[in-house]
Amino acid sequence: MSDLAWIGATITAARPQAVGALLRYFRDLDTAEEAFQEASLRALKSWPRNGPPRDAAAWLILVGRNAGVDAVRRVSKLTALPEEETISDLDDVEAPLAERLDGSHYRDDVLRLMFICCHPDLPATQQVALALRIVSGLTVKQIAKAFLVGEAAMEQRITRAKARIGAGSIAFGAPDAVERTERLGAVAAMIYLIFNEGYSVSAAVEGDRAALCDEAIRLARLLLGLFTAEPEIMGLTALLVIQHSRSAARFDADGQVILLDDQDRSKWDRALIGEGLALIDKAMRHRRPGPYQIQAAIAALHARAATPAETDWAEIDALYAALERLQPSPVVTLNRAVAVSKVAGPEAALAMIEPLGERLEAYFHFHGARGAFLLQLGRKDEAREAFSQAISLANTAAEAAHIRQHLDRLMEG
Amino acid sequence: MLYAIFCYNDERVIGSWSKEEDAACMVRLRNVQDGLTKAGKLGPVARLLPTTAATTLRKSAGESIVLDGPFAETKEQLLGFYVVDCADLDEVLAIARDLAVANPGTGSYEIRPMAIFDPGVPMPALDLDGPGMPGLNR
């Protein structure tokens with residue numbers, strides 16, 4: 001690895017902490033980001049010459065702080081508007097660095113930085129784009145590629161999202177316990193969204209979007225490293241690493257989806273599965289179950305099965321039942337029906353999902369699962385109809401192609 | 001004499017390497033290890049999962065306490081270790097230097113002579129030829 005690649009990784013790793021701290025000083029996202037940018041440029045010049053600093057994040061915060069102060073002073077002179085608030089903040093900023101880098105700020109700085117991306121006014125995709133830009137530091141070009149949109153369109157989307165969250169609404173004080181829990185919940189949901197953006201994708205663009213799964217896992221580990229005793233964050237991280245452990249087995253050479261039952265389990269990543277199982281074990285000890293932990297436990301049961309036949313469907317059914325109680329949703333019931341079909345047969349599964357028809361009318365997986373149950377029951381015409389409906393609702397070409405295989409088989413039969 | 005070489009580095013930086021960078025590093029480390037194996041000097045080698053997967057049992061007066069996370073919160077974390085059989089400290093230091101060259105960036109190697117070493121029962125190897133630790137990376 002070259003010096004530059006190593007410095008790049010170091011800056012990336014320090015980014016959430018450094019931008020989070022700079023945001024706390026300047027109380028303005030653009031100023032904080034520009035200051036960090038400037039500090040990174042200086043690092044690229046200084047580190048190869050002087051060797052790496054012992055604490056890269058502290059170095060970037062200190063240099064970024066000074067750069068940001070200079071920038072704000074220049075702007076203030078140009079506009080000739082003495083913004084009292086900014087100036088008194090700047091005086092404050094001159095306080096000794098040691099106090100400022102106090103570890104107790106650090107966790108909340110990173111959490112705040114992640115949390116501002118979860119503004120409830122922002123649609124999910126904008127939250128994800130914003131987090132990838134601000135927290136992860138991906139370039140607009142990288143994000144645009146992952147979302148399959150043009151660079152200019154993504155630039156505009158991020159600018160708009162930033163304008164919308166406006167600094168005014170951000171609370172800069174240290175959050176109390178309740179606030180912190182709320183923030184953690186919102187941030188966990190946002191990290192899950194990033195993962196799903198990367199996960200629900202066909203192999204054709206896998207390279208670009210699978211990077212989102214890696215990024216989500218990195219953020220989940222970062223969050224868990226800061227809040228080490230939160231069972232739901234353990235559950236979230238476990239869920240992501242176990243889902244991701246199957247990434248090499250999920251698509252065939254032509255980019256077609258390979259279902260869990262048909263995957264080559266030797267391609268599953270044992271290190272990620274090991275990490276997920278360890279995290280679930282840790283989480284369970286807290287006896288505070290939550291949706292992420294239950295979903296992780298379900299994923300773990302699949303991961304533990306050496307062959308599809310060894311899958312403990314009865315336990316998966318029980319876990320989905322628990323998830324239904326905690327977080328009632330037709331999608332959860334639909335997933336549970338798949339487990340029920342294995343335990344009690346397709347008729348019971350079909351009976352379970354029929355009442356969901358109205359709410360899941362436009363949901364690809366509903367029609368796909370319904371078609372599969374009907375097919376198992378030998379009700380071919382109805383199955384064909386359900387599969388056709390699924391194809392019309394497919395989100396990706398791979399999803400459509402997968403259902404088409406069922407249809408082709410039906411035609412042959 | 002037997003020594004343990006403990007490898008410390010900032011796991012957040014390692015976790016920010018690209019898959020290619022991680023894989024290339026593993027190949028370079030593997031080269032160093034192969035040389036040591038041929039020379040009959042290398043014992044067990046381990047790369048550890050992130051400290052977020054760690055649990056600590058702390059003894060206390062009553063029942064011992066189970067804590068989430070690593071034993072100590074430090075800027076550089078214990079990420080792996082080697083067991084080597086060397087004549088003296090200079091020889092171990094030379095190995096640690098080779099490992100340091102193979103490994104980019106910062107980091108530290110703690111060299112500890114061993115008092116007792118029982119290789120125990122043979123354990124199944126984990127992912128020895130795998131591409132480093134996929135998913136740890138961006």
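Which side chains does a polar contact of 2.5 Å join? The side chains of A:Gln243 and A:Arg246 are the pair in question, joined by a polar contact of 2.5 Å, where a polar contact is a pair of N or O atoms within 3.5 Å, one of which, within protein, must be able to donate a hydrogen and the other to accept it, and where residues adjacent in sequence count only if both atoms are side-chain atoms.

## Basis of the description

This is a predicted model, in which local features need pLDDT of at least 70 and side-chain atom pairs count only at pLDDT 80 or more, while totals for chains, interfaces and linings use all residues. Residues are numbered from 1 along each chain as its sequence is written, chains are lettered from A and ligands numbered from 1 in the order in which they are written, and side-chain values use heavy atoms, with hydrogens and water left out.

## Chain A

Chain A holds 20 helices and zero strands; helices (H or I, at least four residues) and strands (E, at least two) are DSSP runs, numbered from the N terminus. Of the 413 residues in chain A, 51% are buried, a term that stands for under 20% relative accessible area, with exposed meaning over 50% and partly exposed the range in between (1.4 Å probe, protein chains only). Among contacts (heavy atoms within 4.5 Å) in chain A between residues at least 6 apart in sequence, 64% join residues at least 24 apart.

A:Gln243, the residue of the opening question, lies in helix 12 of chain A and counts as buried because its relative accessibility is 17%. Not counting residues up to four places away in sequence, A:Gln243 touches A:Phe195, A:Tyr199 and A:Ala299. A:Gln405, by contrast, lies in helix 20 (residues 397-412) of chain A and is partly exposed, with a relative accessible area of 34%.

Two loop residues of chain A have a positive phi without being glycine. For A:Leu148 the value is near 60°, and this residue lies in the loop between helix 8 (140-146) and helix 9 (151-165) of chain A, where it is exposed at a relative accessible area of 53%. For A:Arg287 phi is about 50°; A:Arg287 is placed in the loop between helix 13 and helix 14 (291-304) of chain A and is exposed, with a relative accessible area of 71%.

## Salt bridges within the chains

Over all chains the structure holds 22 salt bridges, each being a side-chain nitrogen of Lys or Arg within 4 Å of a carboxyl oxygen of Asp or Glu. One of them joins the side chains of A:Glu33 and A:Lys162 at 2.6 Å, N to O; because A:Glu33 lies in helix 2 (residues 29-50) of chain A and A:Lys162 in helix 9 of chain A, the pair ties together parts that are 129 residues apart in sequence. A:Glu33 counts as buried, at 10% relative accessibility.

A:Asp317 and A:Arg336 form another salt bridge, with their closest N and O atoms 2.7 Å apart. This pair links helix 15 (residues 313-326) of chain A, which holds A:Asp317, to helix 16 (residues 330-344) of chain A, which holds A:Arg336, the two residues being 19 residues apart. Both A:Asp317 and A:Arg336 are buried.

In chain B, the closest N and O atoms of the salt bridge between B:Lys41 and B:Glu91 are 2.7 Å apart. B:Lys41 lies in the loop between helix 2 and strand 2 of chain B and B:Glu91 in helix 3 (residues 89-102) of chain B, 50 residues apart.

Within strand 5 of chain B, B:Tyr82 stands opposite B:Ile5. Strand 2 (residues 42-47) of chain B also pairs with strand 5 in the antiparallel sense, over four bridges, and B:Arg47 has B:Gly80 of strand 5 as its bridge partner.

B:Gln33 lies in helix 2 (residues 19-38) of chain B and counts as buried because its relative accessibility is 13%. Leaving aside neighbours within four places in sequence, B:Gln33 is in contact with B:Leu42, B:Val45 and B:Tyr82.

## Where the chains meet

At the interface, 35 residues of chain A are in contact with 27 residues of chain B. The rule finds two salt bridges across this interface, and A:Asp55 forms a salt bridge with B:Lys75, with the closest N and O atoms 3.3 Å apart.

Notes: Pairing = 2+ DSSP bridges.
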